[in-house]
Amino acid sequence: MIQTTPLTQATIDQYNQEGWCLLGRVMEDETIEKLRAEEAKFRNRPLHYDDPGPNPPTLFRSQMTAYSAPVRDYGLNGPHIPLVQQVLGANLAWIYTQFVTKFPDADKGKSEFPWHQDNGYAKVLPENNMTVWIPLDDVDLHNGCVWVVPRSHLNGILPHGQKSADSWHLEVPVEGDGVPAILKAGEAVAFTGLTLHRSKLNHSDAPRRAFFMQYVDANGTIGNDKVPVVDKPMVYVVSGEADYFRRPQSPAK
Ligand SMILES: O=C(O)CCC(=O)C(=O)O
């Protein structure tokens with residue numbers, strides 16, 4: 001397994017103060033191959049809850065943890081875990097995962113994923129929840145790398161509007177471009193649930209495959225009604241523990 005270098009205090013400070021940082025290489029070639037194979041398998045398999053219809057500009061395959069041993073193994077034990085623990089602490093829960101395959105689409109211009117905060121889709125507390133985004137192909141300005149807006153996490157959840165009537169994407173208007181995360185396959189960019197990010201079009205002639213996971217303190221909550229994350233399906237405690245008994249019991253009948 002790859003030996004990651006522990007994050008320096010400067011990198012941890014960057015995550016907390018700027019809302020994002022690079023984690024370096026966190027996935028070895030063998031795992032990249034395994035996850036590419038999983039992506040290919042699920043790309044062609046209709047899933048009852050996640051079916052975008054034929055030829056979507058971008059394909060999302062979410063919460064593959066129940067379906068895929070390689071996904072589970074990586075999300076629970078990957079070399080990135082000690083780095084995530086350095087920032088979020090020893091009680092760590094893995095709450096979400098997704099393959100994002102952005103197809104070549106320059107002419108149609110539909111594969112853009114507009115500026116948003118992950119917590120604009122689902123409110124997670126504490127808000128330093130971390131998305132670890134890892135391309136399974138080298139990414140750059142040409143094929144649709146992710147961009148982040150430094151310090152955008154300092155203003156809480158911003159109002160998100162619907163991108164268009166035929167899209168479920170939410171969008172925050174942003175002036176300027178932010179910073180592109182140009183990465184080799186297997187390297188990672190990490191950002192908070194409040195950090196504005198987006199990806200632009202894929203102008204190459206090959207699909208741009210990516211895989212991301214989201215982590216939070218194991219005592220964290222999700223949704224406006226603050227449901228403990230550990231009460232949600234497909235959430236895994238990676239390390240440490242959660243206080244499973246903090247939710248009031250229903251009164252005896
Ligand atoms: O992989 C991408 O292009 C961006 C995906 C993303 O930001 C998301 O699903 O929240």
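User: Which residues is Tyr215 in contact with, once its neighbours within four places in sequence are left aside?

Analyst: In this predicted model, Tyr215 is in contact with Gly75, His80, Ile81, Val84, Leu88, Leu92, Ala93, Trp94, Asn129, Met130, Val132 and Val238. Each of these counts as a contact because heavy atoms of the two residues come within 4.5 Å.

User: What makes the largest nonpolar core a core, and which of its residues touch the most other members?

Analyst: The name applies because a nonpolar core is a set of buried residues of the listed nonpolar types, joined through side-chain atoms within 4.5 Å. The largest such set has 32 residues, and Leu23, Val132, Phe211 and Tyr215 are those that touch the most other members. Helix H4, residues 81–88, gives the most to this core, with 5 residues. Apart from it lies another core, of 20 residues, which includes Trp115, Val148, Leu196 and Phe212. In soluble globular proteins, nonpolar side chains tend to be buried together.

User: How many helices and strands are in the protein chain, and why is the protein chain called as compact as a globular protein of that length?

Analyst: The protein chain holds 5 helices and 16 strands. Its radius of gyration is 18 Å, and the globule rule gives 18 Å for 253 residues, so the chain is as compact as a globular protein of that length. Along its principal axes, the C-alpha trace spans about 60 × 45 × 40 Å. Of the contacts with a separation of 6 or more, 81% are between residues 24 or more positions apart. Buried residues make up 49% of the 253 residues, while the chain exposes about 12,100 Å², of which carbon and sulfur atoms supply 52%.

User: How many positive and negative side chains has the protein chain, and how far apart do the centres of the two sets lie?

Analyst: There are 24 positive and 30 negative side chains in the protein chain, and the centres of the two sets lie 4 Å apart.

User: What joins Leu125 and Pro126, and why is Leu125 called partly exposed?

Analyst: Leu125 and Pro126 are joined by a cis peptide bond, with omega at about -5 degrees. Leu125 has its place in strand S5, whereas Pro126 is found in the loop between strand S5 (124–125) and strand S6 (130–135). The relative accessible area of Leu125 is 24%, and since buried means under 20% and exposed over 50%, a value in between makes this residue partly exposed. Not counting residues up to four places away in sequence, Leu125 touches Val216, Gly220, Thr221 and Lys226. Leu125 and Ala190 are 65 residues apart in sequence and 17 Å apart in space, taken from C-alpha to C-alpha.

User: What is the phi of Gln63, and why does Gln63 count as buried?

Analyst: Gln63 has a phi near 50 degrees, which is a positive value in a residue other than glycine. Its place is in the loop between strand S2 (58–62) and helix H3 (69–77). Its relative accessibility is 13%, under the 20% limit, and therefore Gln63 counts as buried.

User: How do you know that Arg151 counts as partly exposed?

Analyst: Arg151 has a relative accessibility of 42%, and because that value falls between the 20% and 50% limits, the residue counts as partly exposed. Arg151 also has a positive phi, of about 70 degrees, although it is not a glycine. Its loop runs between strand S7 (146–148) and strand S8 (161–162).

User: What makes Pro56 buried?

Analyst: Pro56 has a relative accessible area of 17%, which is under 20%, so this residue is buried. Pro56 lies in the loop between helix H2 (29–43) and S2. The C-alpha atoms of Pro56 and His153, 97 residues apart along the chain, are separated by 30 Å.

User: Why does Lys184 count as partly exposed, and which residues is Lys184 in contact with?

Analyst: At 49% relative accessibility, Lys184 is not over the 50% that exposed requires and not under 20%, and so it counts as partly exposed. Lys184 lies in the loop between strand S10 (179–181) and strand S11 (187–192). With neighbours within four places in sequence left aside, Lys184 is in contact with Pro135 and Asp138. Lys184 and Asp140 are 44 residues apart along the chain, and their C-alpha atoms are separated by 8.6 Å.

Notes. Residues are numbered from 1 along each chain as its sequence is written. This is a predicted model: local features need pLDDT of at least 70, side-chain atom pairs count only at pLDDT 80 or more; totals for chains, interfaces and linings use all residues. Side-chain values use heavy atoms; hydrogens and water are left out. Buried means under 20% relative accessible area, exposed over 50%, partly exposed in between (1.4 Å probe, protein chains only). Helices (H or I, at least four residues) and strands (E, at least two) are DSSP runs, numbered from the N terminus. The radius of gyration is taken over C-alpha atoms; the globule rule is 2.2 Å times the number of residues to the power 0.38. Accessible areas come from the Shrake-Rupley method with a 1.4 Å probe; for residues, only the protein chains shown count as cover. Lys and Arg count as positive and Asp and Glu as negative; His and the chain ends are not counted. The place of a charge is taken as NZ of Lys, CZ of Arg, CG of Asp or CD of Glu.
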